[in-house]
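I opened my notebook beside the viewer today and worked through this structure piece by piece. Here is what I looked up, in the order I did it.

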Amino acid sequence: MSAEQMLAFETDCHIFDGCGFPAPGLHSFLFEPIFSIGGFDFNKPMLLAVLGTFLIIGFFWAAFGRAKVVPGKLQMVGEAGYDFVRRGIVYEALGKKEGEKYVPFMVSLFFFVWIMNLWSIIPVAQFPVTSIIAFPAALALIVYVLWMYLTFKKHGFVGGLKNITGYDKSLGGVLPLAVTLEFFSNVLVRPFTHAVRLFANMFAGHLLILMFTIASWYLLNGIGIAYAGVSFVMTIVMTAFELFIQAVQAYVFVLLATNYVQGALAEHH
Amino acid sequence: MKALLLASEGEVEAPLLPPIPELVIGLIAFAIVFFFLAKKLSPKINKVLEERREAIEGGLEKAEAAQAEAQQVLDDYRAQLADARHEAARLRQEAQEQGVAMIAEMRTEGQRQREEIIAAGHAQIEADRKSAAASLRQDVGQLAGDLAAKLVGESLKDATRQSRTIDRFLDELENKSADTAKAEVTR
């Protein structure tokens, strides 16, 4: 492969010009560092992550910084988001009394994931930070640690293990098999699926948008122009679809995190 | 959009292997968001939500209190109205009874007065009659006396005189009665 073929977006290449379709791929998720300090490369996803962080803080600061009993417009929007996570997710799973102290965590998690997803369709940024596995992995790791901590704190070491492995004497002979499966499923696979579910959705979504965007440009020659129009429409459709998926994935991520916490706090049965 | 030339750098394309710098950045970024929200903003908004809840509940309580008070006032008013009606009915009844009693009393009084007046009239008449009878008797006696005296005084010498005397007496008697009548008119 030559260097030219590896470029994700070749601006002066069209169909029938004798160059191949510059298909998006794994390379579309790798960025040259914007700057480097020592061995540390600061790249675009990192920049978007930092910007997103300030965006979330800025928004909530503006909304809740001088919170009033009679809310302004921004506070109302903030409260709607806050209440969506609080009532729609946390109270539903954990109840009002038990869930209250996890509300800030889950609200942060939801808006963090959502904004990092949302970068995907923000002009100029146009890259979902969560399609870099490290970001979902970091969040899943935090949830995993919280889950483990709560499990062993609530049930003790043996009780915690029983809770995690779904230990149930009534299973009889199947018990060792069930415990082994549950252990793998919960302790090893769960954080992995938790992170990968979000990552893969954003990864695939970005690839789709990227493919139709590049195709729209690449096809812009001769008879290809007609197809370019179709491709462009698809780009817009996929962008709208992504807007939906981003919110859903953020919701699912937080919902799972809440369910893990609920599982940790649940009594033995 | 910037793209990275991978193959030339010889890195491994492993999308599921998290690069450490991104992992660290992600952790830090989330930690910042979480601590800011948990420490600074969540208490603020919870306080405000609580205040709002209290304000709404307080308003409801106030409204309930006002309603209860209004109900109380209405009940009082109704009770007073009923009392007043009762009192009015009682007064009317009393007045009616009093009126009946007064009419009966007045009737009795009138009856009594009438009887008194009648009795007084009767007494007067009786007294008048008695005095008239007395005076008449006196007059008749005197007249009889006078007549007798005259009859005796003139003696019974002759019939002419006798008849003359009788005539004179009768004339006198006539004059006297005329005088009495005259005096009666002038009086």
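**Entry 1: ground rules.** I am working with a predicted model, in which local features need pLDDT of at least 70, side-chain atom pairs count only at pLDDT 80 or more, and totals for chains, interfaces and linings use all residues. Residues are numbered from 1 along each chain as its sequence is written, while chains are lettered from A and ligands numbered from 1 in the order in which they are written.

**Entry 2: the two chains.** I started with secondary structure, taking helices (H or I, at least four residues) and strands (E, at least two) as DSSP runs numbered from the N terminus. Chain A has eight helices and two strands, and from its N terminus the order reads α-β-β-α-α-α-α-α-α-α. In chain B I found two helices and zero strands.

Next came burial. I call a residue buried if 20 or more other C-beta atoms lie within 10 Å of its own, exposed if 12 or fewer, and partly exposed in between, with C-beta atoms placed from the backbone. Chain A has 269 residues, of which 38% count as buried. For chain B, with 187 residues, the figure is 6%.

I also checked contacts, meaning pairs of residues whose C-beta atoms, placed from the backbone, lie within 7 Å. Among contacts in chain A with a separation of 6 or more, 60% join residues 24 or more positions apart.

**Entry 3: the core.** A nonpolar core here is a set of buried Ala, Val, Leu, Ile, Met, Phe, Trp, Tyr and Cys residues joined through C-beta atoms within 7 Å. Which residues have the most contacts inside the largest core? They are A:Met106, A:Leu109, A:Phe110, A:Phe112, A:Val113 and A:Val254, in a core of 64 residues. Two or more residues each come from α2 (44-64), α3 (73-94), α5 (103-118), α6 (134-165), α7 (175-218) and α8 (224-265) of chain A, and also from α1 (20-154) of chain B. The largest share, 13 residues, belongs to α5(A).

I clicked on A:Val113 and, leaving out residues up to four places away in sequence, saw that it touches A:Thr130, A:Leu139, A:Leu198, A:Ala250 and A:Phe253. Apart from this core lies another of 11 residues, including A:Leu210, A:Met211, A:Ala215 and A:Tyr218.

**Entry 4: a helix pair.** Axes are lines fitted to C-alpha atoms, for helices over the stretch in contact, and angles run from 0 to 180 degrees between N-to-C directions. The axes of α7(A) and α8(A) come within 8 Å and cross at roughly 170 degrees. That makes α7(A) roughly antiparallel to α8(A), a label for angles over 145 degrees.

**Entry 5: where the chains meet.** How many residues does each chain give to the contact? Chain B gives 35 residues and chain A gives 45 residues.

**Entry 6: single residues.** Is A:Val124 buried or exposed? A:Val124 counts as exposed because it has 7 C-beta neighbours inside 10 Å, and A:Gln126, with 17, counts as partly exposed.

Last, I looked at A:Ala266, in the segment after α8 of chain A. Its C-alpha atom is separated by 8.8 Å from that of A:Thr151, 115 residues apart along the chain.

Terms used: Contact = placed C-beta atoms within 7 Å. Parallel < 35°, antiparallel > 145°, perpendicular 65-115°, else oblique.
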